[in-house]
Amino acid sequence: MKIIMLGAPGAGKGTQAKMIAAKYDIPHISTGDIFRANIKNGTELGKKAKEYMDAGNLVPDELVVDLVIDRFKDDDCANGYVLDGFPRTIPQAEALDAALSKIGESIDYVIDVDVPDANIIKRMGGRRTCPSCDSIYHVDHMPPKVEGKCDKCGGDLIIREDDKEETVKNRLAVYHEQTQPLKDYYDKQGIVHSVDGTIDRKDVFAMIEKILGE
Ligand code: AP5
Ligand code: MG
């Protein structure tokens, strides 16, 4: 099962992708998490990506596409994957389609998590993440058991660098300009399924389960 998560920054792509990965036993591939791990480890890729990410802009396509397509060669991708944050531009989507069609494969589902901009700006101020295991929390909607600590690994939770309100506004503008057109791109392939991302995360997941099958 090959799935793409579409949706604005903060719509809940990562939250839902983790639940999909656990239930359907496929890897969760988040380009944002890959870049953040590279920044943390001080790699060349991380140094290049950081300036774009901190400003809320997209990292250039040429730094993203090969990284993801190479990841598909790993054994854990044999039964598919859930892509979160990729593709994000039409050229990335075209490169993905070209790479898959070369091996006679294609994307099965595009899940579009729909949340209005006003909800997103409110939501992002409360997000906390674990830089060690990439778990996602929210101070109101999904608080950790112990304040400031990750339930899973005990790591110290942080506020992401790009979650400042001004940066979130730019990320939303970039999303509307460069990523939202992907909905039309995949609509033409008849594989887009939209879900309401404003309801409780468990109810969002129940809608996704209906789409993917139990
Ligand atoms: P990335 O990490 O992908 O960020 P994003 O798309 O902006 O999305 P987020 O991770 O912010 O949000 P999300 O939808 O995953 O929401 P979450 O589940 O955390 O990318 C970061 C940057 O990397 C980009 O800006 C770009 O620079 C670069 N980049 C990455 N990929 C790239 C690419 N392909 N090309 C170029 N550049 C790339 O949820 C958000 C919050 O809401 C959490 O606190 C969560 O607990 C809460 N929440 C979730 N669901 C609900 C719910 N139903 N109700 C209430 N609260 C909820
Ligand atoms: Mg995310």
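Colleague: How many residues does the largest nonpolar core have?
Modeller: This is a predicted model, in which local features need pLDDT of at least 70 and side-chain atom pairs count only at pLDDT 80 or more, while totals for chains, interfaces and linings use all residues. Residues are numbered from 1 along each chain as its sequence is written, chains are lettered from A and ligands numbered from 1 in the order in which they are written, and side-chain values use heavy atoms, with hydrogens and water left out. A nonpolar core is a set of buried Ala, Val, Leu, Ile, Met, Phe, Trp, Tyr and Cys residues joined through side-chain atoms within 4.5 Å, where buried means under 20% relative accessible area, exposed over 50% and partly exposed in between (1.4 Å probe, protein chains only). I4, F72, L83, L96, V110 and Y186 have the most contacts inside the largest such core, and its size in residues is 28.

Colleague: Which element gives the largest share of this core?
Modeller: Helices (H or I, at least four residues) and strands (E, at least two) are DSSP runs, numbered from the N terminus. Those that give two or more residues to the core include strand 1 (2-7), helix 4 (61-71) and helix 8 (181-187). L63, V64, V65, V68 and I69 are buried in helix 4, and the buried residues there pack against helix 2, helix 3, strand 3 and helix 5. The largest share, 5 residues, comes from helix 4.

Colleague: Which residues is Y186 in contact with, leaving aside its neighbours within four places in sequence?
Modeller: Contact means heavy atoms within 4.5 Å, and Y186 is among the residues with the most contacts inside the largest core. With those sequence neighbours set aside, the partners of Y186 are I4, P87, A93, L96, D97, V110, I191 and V192.

Colleague: At roughly what angle do the axes of helix 2 and helix 3 cross?
Modeller: Axes are lines fitted to C-alpha atoms, for helices over the stretch in contact, and angles run from 0 to 180 degrees between N-to-C directions. G32, F35, R36, N38 and I39 of helix 2 meet L45, G46, A49, K50 and M53 of helix 3. The axes of helix 2 (residues 31-40) and helix 3 (residues 44-55) come within 8 Å, and their crossing angle is roughly 115 degrees.

Colleague: Is N38 buried or exposed?
Modeller: N38 lies in helix 2 and, not counting residues up to four places away in sequence, touches T43, L45 and G46. What covers the buried residues of helix 2 includes helix 1 (13-24), strand 2 (28-30), helix 3, helix 4 and strand 3. Because its relative accessible area is 17%, N38 counts as buried.

Colleague: What is the relative accessible area of K102?
Modeller: K102 lies in helix 5, and its C-alpha atom is separated by 37 Å from that of R160, 58 residues apart along the chain. K102 is exposed, with a relative accessible area of 77%.
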